[in-house]
Amino acid sequence: MTDKMILLVEDNRDDEALTLRALRRNRITNEVIVVRDGAEALEYLFGTGRYEGRDMTAMPELVLLDLKLPKVDGLEVLRRLRADQGTRSLPVVILTSSTEEQDLLKGYGLGANSYIRKPVDFDQFMEAARQLGVYWLLLNQGPPKQRGP
Amino acid sequence: MKPLIVSTACASAAIALGAGALVGWWLDIELLKSAIPGRVKMNPITALALMTAGAALLLSAGPDRPPPARRLAQGLAALVVLAGGVRLGTYFSVWAPPLDGLLFPARVAAVGSRLAPLAALNFVLTGLALALLRLEGRRVHAALQTLLLGSGLTTLAALLGHLYGADMLRGPMALNTSLAFLALATGALFARPDEGLVALLRGNTPAGALVRRLLPAVVLIPVVLGWLRVLGQNAGLYETEGGSALFVVTTIVALAGLTWWSARSIERAEARRRDAEGALRGSEGRFRALAASANDAIVSADQLGLITYFNPAAERIFGYGASEVESRPITTLMPDRYRDAHRAGLARYLATGEPHVIGRTVELTGRKKDGSEFPVELSLASSREGAQELFTGILRDITDRKQAEDTLRRYAAQLEAANAELDAFAYSVSHDLRGPLRSIDGFSRAVLDDCADQLDETGRAHFDRIRDAARRMAGLIDDLLDLSRLTRAPMKRESVSLSAIAAAVVSELGRSAPAGSVEWAIAPGLMADGDPRLLRVALENLLENALKYSRGQPQPRIEFGRTVANGSQAYYVRDNGAGFDMAYGDKLFKPFQRLHPAGEFEGSGVGLATVARVIRRHGGRIWAEGQVGRGATFYFTLSPDQTPQP
């Protein structure tokens, strides 16, 4: 599963480090691209701005999306991804602190594939990361590969 | 009695008497001819003339007779005058047509019956009166009264003659004739009920009452006394001189008594009037005193909209002196822009009588003398004073109240804003406070994993404590969030089965707790009005709580039911567990207050605060009873009407 790449959208360096650690310790060795705000996430996925001209055939197998992000927030990123033909079926897992009912409803309403609340207990977080990897990178049959937009 | 009925009845009586006499002559019945057999009889011509006069009265009495009927009545009246005049002429030997024997000549001649001179005179008087009956004018009125009173008095004289037994063989006129004339005079007087004697008699005035009381007595007393005198004299009790003296004395006594009695009754009426006036003055005085001391402005206006009364509070509120505004338009007290509407409203009310403002309380704008405007509350009443309509308004300056309302509205808006801010804060707490905790726990774990060989037992224990604390704090934050969510979520009200919810909660608890160890007693069929989601949260917390504190019991028993407690219908959850000290009972329902050390029973102390919040949102009340080591009972109600005790 080395060829399958994960896009982690996370502005908090600690959370980034912990997420990466949880994935590694579960021996999920896939490449993880980290972007630190919503705007950067969109630029990466659409190959614009800072990522102008990047190899658009390399699309992530999974997007881990935080909701509370600088510049463009997570829900807005999700909305734009779902509005675009090329990224419409990209698996997006919301990974957030919030359990507000409103956020859950909006997230699923906009087409999130899953919604996970980051547990404070790192042991639980490890378990969540393990299951994420197993499900999305091993078990789940992703959409047929498309060319980038 | 209605005057028209009197007139009609009198006219009919005259016609009946006349017709009776004619029938009497025809069939030779004495009673019908003379009323008293042997006395003077009604001449047939008299009978005919009386019937004619009766018909004339019938035709002209009543206000809405058509003109032809009136003209016919006048023609008949003229005939009556003619008959009377011709017969009267024969007495002065002007001309002597054989009028008396025109009908039933043989029978009339046999008894020498004739149309009596008094009857002839009465026909002239009555006939003239009947001819004038439907004409108008002051002279007509005076003539009518004179003619009819003249006729009445002559008839009275004839009647008295009959009463006193004077020889009436050639006398003035027959008894039935006299009665018929009396009926005609009365009927004619009542045909014009609004003038003269009849108006006075019928009048609802003290004078009318006096006339009604005195007139019959003044007429009857001399008549009766005169009759007694004649009786006495005929019996030989006294001579003419003595009789006269006796008659005069008794008449004086009777009339003097009557006068005294009338004076007394006038005196009483006067006293009543004085009392009524006093009462009126008293009520007026009370109104003035009330109005003078009232805190609200009291202003009266007449139907032209001119101010007639302005109380001291009105002076204070509007800044005008009473003398400045009395007789000035009420619109002086309102801003110019409302004046036209006010005038239109007043005109509309006076025209249609339909009130818009009267009897209600409305909020308006008033204007003070200095031109400043202020909000007033007006209650308006209307009353009648004779033909005048009078309006009295009570006006209250509600500037302060308006300000208080504005302040209240502002506070409500602020509260709403504060609530929204609290929402935002809770969201931020949920999201941001957890981040650092994740770092603390996660990196503690990282140290434990990565630097395990550099840490001894003590170091590892320290990091475990750090992780424990972080997780506990995360739990607290979650509980706090749940609590705030309960307050913010919109509430539904529907019929909910508390028994079903409790049973569901118990089955869930049973899954996580060792089965069979706890005896559950859930009363069936308990219904309540409330929000099913919130009530489930409340029951979850209460039952969980009961289970938690019963853990030390060898035979735990937890009960849910309904009972009467503190005088109200209350639901309860009872356990036989650890219980609590009632001295600290008030701390039970406050968030983060715990009565047991954390080591003994786990929990953040938010559960009961959550329950209390749910109950309060339903308008109910929650309280607890317990004893250390003897279990606890939590009671709650779900509607305000079940809370007799503070």
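Predicted model: local features only at pLDDT ≥ 70, side-chain atom pairs only at ≥ 80, totals over all residues.
I checked the length of H18(B): 18 residues reach 26 Å from first C-alpha to last, close to the 26 Å expected at 1.5 Å a residue. I then looked for buried residues in H18(B) and found, among them, B:Leu535, B:Leu539, B:Leu542 and B:Ala546. I recalled that an α-helix has 3.6 residues a turn, so residues three or four places apart point the same way.

Next I traced the sheet. I read the order of its five strands as E7-E9-E10-E12-E11 (chain B), an open sheet with mixed pairing. Strands E7 (519-522) and E11 (622-626) of chain B are at the edges with a single partner strand each, so one side of each has no neighbour in the sheet. I noted an average twist of 25° from one strand to the next.

For E11(B), I found five bridges to strand E12 (residues 632-636) of chain B, running antiparallel. One bridge pairs B:Ile622 with B:Phe636 in E12(B).

I moved to chain A. In strand E4 (residues 92-96), four of the five residues are buried. I found E4(A) joined in parallel to strand E3 (residues 62-65) by three bridges, and to strand E5 (residues 114-117) by four bridges, also parallel. I saw that A:Ile94 is the bridge partner of A:Leu65 and that A:Tyr115 is the bridge partner of A:Ile94. The chain passes from E4(A) through helix H4 (residues 101-109) to E5(A) in a right-handed β-α-β crossover.

Note on methods:
Residues numbered from 1 in each chain as written. Chains lettered and ligands numbered in written order. Pairing = 2+ DSSP bridges. Helix = DSSP H or I, 4+ residues; strand = E, 2+ residues; numbered from the N terminus. Axes fitted to C-alpha atoms, helices over the stretch in contact; angles between N-to-C directions. Expected span 1.5 Å × (residues − 1). Buried ≥ 20, exposed ≤ 12 C-beta atoms within 10 Å, placed from the backbone. Right-handed = clockwise from strand over helix to strand, strands pointing away.
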